[in-house]
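Here is a short briefing to read alongside the model. Please have the sequence and the 3D view open as you go.

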Amino acid sequence: MRLASFEHLEEHLEFKQGMSGCTVIDDTWNSAPLSMTSALQVLRNIGKGKKKIALLGYMPQLGDGPYANKIYEEMGETAYKAGVDLLIVVGEEARLIKEGALKAGMDPNKVSLCYTGNEVFEYIADQVNEESIILLKVTHRVMKQPSFEKLKRKLIPEILQTDEEGLV
């Protein structure tokens with residue numbers, strides 16, 4: 001009975017119909033090592049037979065220093081092992097995710113470091129279709145920046161429609 005009344009929390013592994021018929025997994029509420037690893041496992045399992053695209057970014061709880069650097073590199077390796085076909089690392093703080101993926105063996109042509117939502121969109125727009133699944137695992141704080149809000153509205157057209165109807 002209680003399961004029937006369950007309401008999914010917004011931006012917590014939320015599946016949405018995306019642009020060009022793709023699937024978007026919006027997990028942007030928070031970004032921490034365990035939640036990023038879990039989201040990549042979901043992407044791997046749900047994305048079988050699809051082009052898996054991951055946007056990974058800054059994890060504020062890590063802070064700076066050698067431990068943070070190690071974890072960021074491990075996340076790149078985790079993305080590679082999860083079979084991510086296209087990895088977009090968002091922001092300078094998270095650049096070591098890219099390095100970790102490359103060290104693990106990911107094709108350099110399949111990894112990009114982007115700083116704005118516009119850069120991300122330009123990088124993936126022509127690669128997204130109904131056979132694609134996109135994981136958004138960039139912290140809420142970054143996703144609230146104007147270029148990333150615009151990116152999210154482009155990737156998930158229902159957000160734009162809801163915004164225009166004044167329902168949000």
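Let's start with a helix pair: the axes of H2 and helix H3 (residues 95-104) come within 6 Å and cross at roughly 50 degrees. Axes here are lines fitted to C-alpha atoms, for helices over the stretch in contact, and angles run from 0 to 180 degrees between N-to-C directions. This is a predicted model, in which local features need pLDDT of at least 70 and side-chain atom pairs count only at pLDDT 80 or more, while totals for chains, interfaces and linings use all residues. Residues are numbered from 1 along each chain as its sequence is written, and side-chain values use heavy atoms, with hydrogens and water left out.

**H2 with H3**
- H2 and H3 are therefore oblique to each other (angles under 35 degrees count as roughly parallel, over 145 as roughly antiparallel, 65 to 115 as roughly perpendicular and the rest as oblique).
- Their crossing is right-handed, meaning that the near helix is turned clockwise from the far one by less than a right angle.
- On the H2 side the contact (heavy atoms within 4.5 Å) is made by Asn69, Tyr72, Glu73, Met75, Gly76, Glu77 and Tyr80, and on the H3 side by Leu96, Ile97, Gly100, Ala101, Lys103 and Ala104.
- These residues divide into 7 nonpolar, 3 polar and 3 charged (Ala, Val, Leu, Ile, Met, Phe, Trp, Tyr, Cys and Pro count as nonpolar, Asp, Glu, Lys and Arg as charged, and the others, Gly among them, as polar).

**H1 with H2**
- Helix H1 (residues 33-46) packs against helix H2 (residues 66-81) at an angle of about 10 degrees, and their axes are 10 Å apart.
- That angle makes H1 roughly parallel to H2.
- Pro33, Met36, Thr37, Leu40 and Arg44 of H1 meet Ile71, Met75, Thr78, Ala79 and Lys81 of H2.
- This contact has 6 nonpolar, 2 polar and 2 charged residues.

**Whole chain**
- The chain has 7 helices and 6 strands, taken as DSSP runs (H or I of at least four residues for helices, E of at least two for strands) and numbered from the N terminus.
- Of its 168 residues, 42% count as buried (under 20% relative accessible area, with exposed over 50% and partly exposed in between, using a 1.4 Å probe and protein chains only).

**Two local details**
- Ser20, in the loop between strand E1 (14-17) and strand E2 (23-26), has a positive phi of about 55 degrees although it is not a glycine.
- At 44% relative accessibility, Ser20 counts as partly exposed.
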